[in-house]
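Hi,

Here is the structure I promised to pass on. Have a look at it first, and my notes on what turned up follow below.

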Amino acid sequence: MSLGPLLSAPPPIPWHAFAAFAALAIGGAQLVLPKGTARHRVLGYAWVALMLVIAISSFWIQQIRLVGPFSPIHLLSILVLVTVPLAASYAHTHKVAAHRGAMIKLYLFALVGAGIFTLLPGRVMHAVVFGQ
């Protein structure tokens, strides 16, 4: 395992990946720590910001070009850009079950699920984890 391929990748790939690593850690903590606390809110705002950075930066990552410069993963980015603010608004309006469900789905599908696809051969994270 070497960060070399990631650090030498063109922008915004390193920013995108490091934001995703941070979101994985913060999101994982959010799932196990007590809810409704000041810490939960602060970490939640950080997680929301990271998810928006990840989604927005993905539009400049265009190694897989299926429709012009875009790929199906960019549809997920659009979904994230819609769902993250919606899920945060659920918390503000005390719709706890909707907030919990949306955030868990975002974590599992938009972060973990999409992250697994970055390990496919030919991708930067494949080179980071498995070597060239």
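α4 and α5 run roughly antiparallel to each other, since the angle between them is about 155° (under 35 degrees counts as roughly parallel, over 145 as roughly antiparallel, 65 to 115 as roughly perpendicular, and the rest as oblique). Their axes are 9 Å apart; axes here are lines fitted to C-alpha atoms, for helices over the stretch in contact, and angles run from 0 to 180 degrees between N-to-C directions. The helices themselves are DSSP runs (H or I, at least four residues; strands are E, at least two), numbered from the N terminus. α4 passes α5 in a left-handed crossing, where left-handed says that the near helix is turned anticlockwise from the far one by less than a right angle, and right-handed that it is turned clockwise.

Before I go on: this is a predicted model, with local features needing pLDDT of at least 70 and side-chain atom pairs counting only at pLDDT 80 or more, while totals for chains, interfaces and linings use all residues. Residues are numbered from 1 along each chain as its sequence is written, and side-chain values use heavy atoms, with hydrogens and water left out.

On the α4 side the contact (heavy atoms within 4.5 Å) is made by I73, L76, V80, T83, V84, A87, A88, Y90 and A91. Facing them from α5 are A98, H99, A102, M103, L106, F109, A110 and A114. By class, the residues of the contact of α4 with α5 come to 15 nonpolar, 2 polar and no charged (Ala, Val, Leu, Ile, Met, Phe, Trp, Tyr, Cys and Pro count as nonpolar, Asp, Glu, Lys and Arg as charged, and the others, Gly among them, as polar).

In the loop between α4 and α5 you'll find H94. H94 isn't a glycine, yet has a positive phi of about 65°. With a relative accessible area of 68%, H94 is exposed (buried is under 20% relative accessible area, exposed over 50%, partly exposed in between, with a 1.4 Å probe and protein chains only).

α4 (residues 73–92) also packs against α3 (residues 38–58), at an angle of about 160° and with the axes 8 Å apart. α3 and α4 are therefore roughly antiparallel too, and their crossing is left-handed. From α3, the residues involved are Y45, V48, M51, L52, A55, I56 and S58; they meet H74, S77, V80, L81, V84, A88 and H92 of α4. That contact splits into 10 nonpolar, 4 polar and no charged residues.

Q62 is in the loop between α3 and α4 and is partly exposed, at a relative accessible area of 21%. Q62 and G115 sit 53 residues apart in sequence, and their C-alpha atoms are 16 Å apart in space.

What about α2 and α5: at roughly what angle do they cross? The answer is 150°, with the axes of α2 and α5 (residues 96–117) coming within 11 Å. That makes α2 roughly antiparallel to α5, and this crossing is left-handed. A20, A23, L24, G27, G28 and L31 of α2 make the contact with I104, Y107, L111 and V112 of α5. Sorted by class, the α2 and α5 contact has 8 nonpolar, 2 polar and no charged residues.

H16 is another residue in α2. Is H16 buried or exposed? H16 is buried, with a relative accessible area of 19%. Leaving aside neighbours within four places in sequence, H16 is in contact with I54, S57, S58 and I61. H16 and I54 are 38 residues apart along the chain, but their C-alpha atoms are separated by 5.2 Å.

If you like aromatics, searching the whole structure gives 1 aromatic pair (rings of Phe, Tyr and Trp, the last by its six-membered ring, pair if their centres lie within 6.5 Å; planes under 30 degrees apart are stacked, over 60 edge-to-face, and the rest tilted). The pair is F18 with F21, edge-to-face, at 5.8 Å centre to centre and 75° between the planes. Both lie in α2 (residues 13–32), 3 residues apart, about one turn of the helix. F18 counts as partly exposed at 37% relative accessibility, and F21 does as well at 35%.

One last item for the backbone: P11 and P12 are joined by a cis peptide bond, with omega about 10°. P12 is in the loop between α1 (4–7) and α2.

Cheers
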